[in-house]
Amino acid sequence: MKKVKVIATAAAYPEQVVTNDDLAKIVDTSDEWISQRTGIKERRISSGENTSVFVIETARKLLERAEVSAEEIDLIIVASVTPDYGTPSLACMVQKALGTKNAVCFDIVAACSGFMFALSTADKFIKAGKYRNAIVIGGETLSKIVDWSDRSTCVLFGDGAGGAYIEETDEGGLLRENIGTEGECYEILTEGYTRCANAFNDIESYQDPRWYVFMNGREVFKFATKKVIQSIRQVLDEEGLQAEDIRYFIPHQANARIVEVIAKKLNVPFDRFEMNMERFGNTSSASIPIALNELNEKGLLERGDKIMLSGFGGDMTWATVLIEW
Ligand code: ACO
């Protein structure tokens, strides 16, 4: 069976940097509280650009870096919980902007695990034989669905996009995955509720608080540490590997304390976990591909390296994908 390899990575994010001290001017918080509880020092926040701006820029860089033309792209999958529209999809907006006229394009929703679900989906499309390559992107403008008066959530998130160009190969590539959902727990973390009201029924317009991010932080913490550890262990066992065989672990960049627990329970030195939430905050589906791209841009990845990508998030979802670089 064909395998699927990551050929190029890219990311794009807003220019505007918002520090913890900036947030302390609008809500009752402090750099000390945010840094100690989350590991986040600053985040990139849109100045009005919508998610498609970052997603299209990421896709444009992927074409350049992979040295493929727009017409050669077979498939584009974008993961987002903050798309510009209900329809068109972000993937179709990429198609229009870049002229990837032969690609099949669609979006998926799997919250902070979205990039991994998209990667897994593209992997199956390519392995099924009809598609040779894909662009896979996670992109968010979480700042538009954050309640900027709620200190328990507004300090956590950032905006941006990251992605990968993948294509069929004969060796290495995406080796194994473990993905899953626990939909019965979805109320732990919600956002973007669109109320069912219309002029016909003359329902008065109101601002529904369920539009904004709601999170039971402690439950997310418990879910994340339990599921990510189980999921990484399962992938290691199925692949006959030990944790020390993995060059880099790239976890979802939600919270440094979650990563500390995972590293400790897996008995892996903390420095083998790639972390950039200090500078980006939690960018949901974009967090893992932005971190992967940073490692790649620094020239730290060598062909043959085994890299464990592991996400968790709303819905509630988790996803671990082991790749050979
Ligand atoms: N600044 C100052 N104080 C704050 C802030 C803030 N930004 N936010 C909350 N507090 C206060 C609370 O009001 C509370 O005060 P009280 O004791 O007087 O009531 C106190 O701090 C403790 O609040 P908790 O919510 O219990 O704080 P906790 O230690 O659980 O930390 C956090 C909150 C960081 C969200 C934690 O629960 C966590 O790490 N959860 C994991 C979830 C996560 O990382 N989510 C990210 C997004 S979800 C995702 O990506 C899937």
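**View 1. Surroundings of Asn-20.** Leaving aside neighbours within four places in sequence, Asn-20 is in contact with Asp-31, Ile-34, Ser-35, Ile-40, Lys-41, Glu-42 and Arg-43. The model shown here and in the other views is predicted. Asn-20 sits in helix 1, residues 20–24. Its relative accessibility is 0%, so Asn-20 counts as buried. The side chain of Asn-20 makes a polar contact with the side chain of Arg-43, at 2.8 Å.

**View 2. The salt bridge between Asp-31 and Lys-41.** Two of the residues that touch Asn-20, Asp-31 and Lys-41, form a salt bridge, with their closest N and O atoms 3.2 Å apart. Asp-31 belongs to helix 2, whereas Lys-41 lies in the loop between helix 2 and strand 3; the two are ten residues apart. Asp-31 is partly exposed, with a relative accessible area of 24%. Lys-41 is also partly exposed, at 33%.

**View 3. Where domain 1 meets domain 2.** The domain assignment gives domain 1 as 3–171 and domain 2 as 176–324. Their C-alpha centres lie 14 Å apart. On the domain 1 side, 50 residues are in contact with 46 residues of domain 2. The two domains bury about 3700 Å² between them, 60% of it on carbon and sulfur atoms. In domain 1, Cys-112, Met-116 and Ile-145 lose the most area to domain 2, together 19% of what that side buries.

**View 4. Polar links across the domain boundary, and the elements behind them.** Between domain 1 and domain 2 there are two salt bridges. The count of residue pairs in polar contact is 22. Elements that give two or more residues to the domain 1 side include strand 1 (3–12), helix 2 (31–38) and strand 7 (159–169). Helix 5 gives the largest share of this side, seven residues. By class, the side has 22 nonpolar, 16 polar and twelve charged residues.

View 5. Asp-123 lies in helix 5. At 4% relative accessibility, Asp-123 counts as buried. Not counting residues up to four places away in sequence, Asp-123 touches Val-4, Ile-166 and Leu-174. Its side chain makes a polar contact with the side chain of Lys-124, at 3.2 Å. Lys-124 in turn forms a salt bridge with Glu-177 (3.2 Å, N to O). Asp-123, Lys-124, Lys-127 and Glu-177 are linked in a network of salt bridges.

**View 6. Leu-63 in helix 3.** Leu-63 is found in helix 3, residues 51–66. With a relative accessible area of 11%, Leu-63 is buried. Beyond its neighbours within four places in sequence, Leu-63 is in contact with Val-68, Ser-69, Ala-70, Ile-73, Leu-98 and Ile-135.

View 7. The whole structure holds 20 salt bridges. One of them joins Arg-132 to Asp-74, with the closest N and O atoms 3.1 Å apart. Arg-132 is in the loop between helix 5 and strand 6, and Asp-74 in the loop between helix 3 and strand 4, 58 residues apart. Arg-132 is partly exposed, at 43%, whereas Asp-74 is buried, at 10%. A salt bridge also pairs Arg-247 with Asp-305 (2.9 Å, N to O). Arg-247 lies in the loop between helix 7 and strand 11, and Asp-305 in the loop between helix 10 and strand 12. Arg-247 counts as partly exposed, at 32% relative accessibility. Asp-305 counts as buried, at 10%.

Conventions: Residues numbered from 1 in each chain as written. Predicted model: local features only at pLDDT ≥ 70, side-chain atom pairs only at ≥ 80, totals over all residues. Heavy atoms only, no water. Domains from an automatic or database assignment. Contact = heavy atoms within 4.5 Å. Buried area = accessible area lost by both parts, 1.4 Å probe. Salt bridge = Lys/Arg side-chain N within 4 Å of Asp/Glu carboxyl O. Polar contact = N/O pair within 3.5 Å; in protein donor to acceptor, adjacent residues only side chain to side chain. Helix = DSSP H or I, 4+ residues; strand = E, 2+ residues; numbered from the N terminus. Nonpolar A, V, L, I, M, F, W, Y, C, P; charged D, E, K, R; others polar. Buried < 20%, exposed > 50% of the residue type's maximum accessible area, 1.4 Å probe, protein only.
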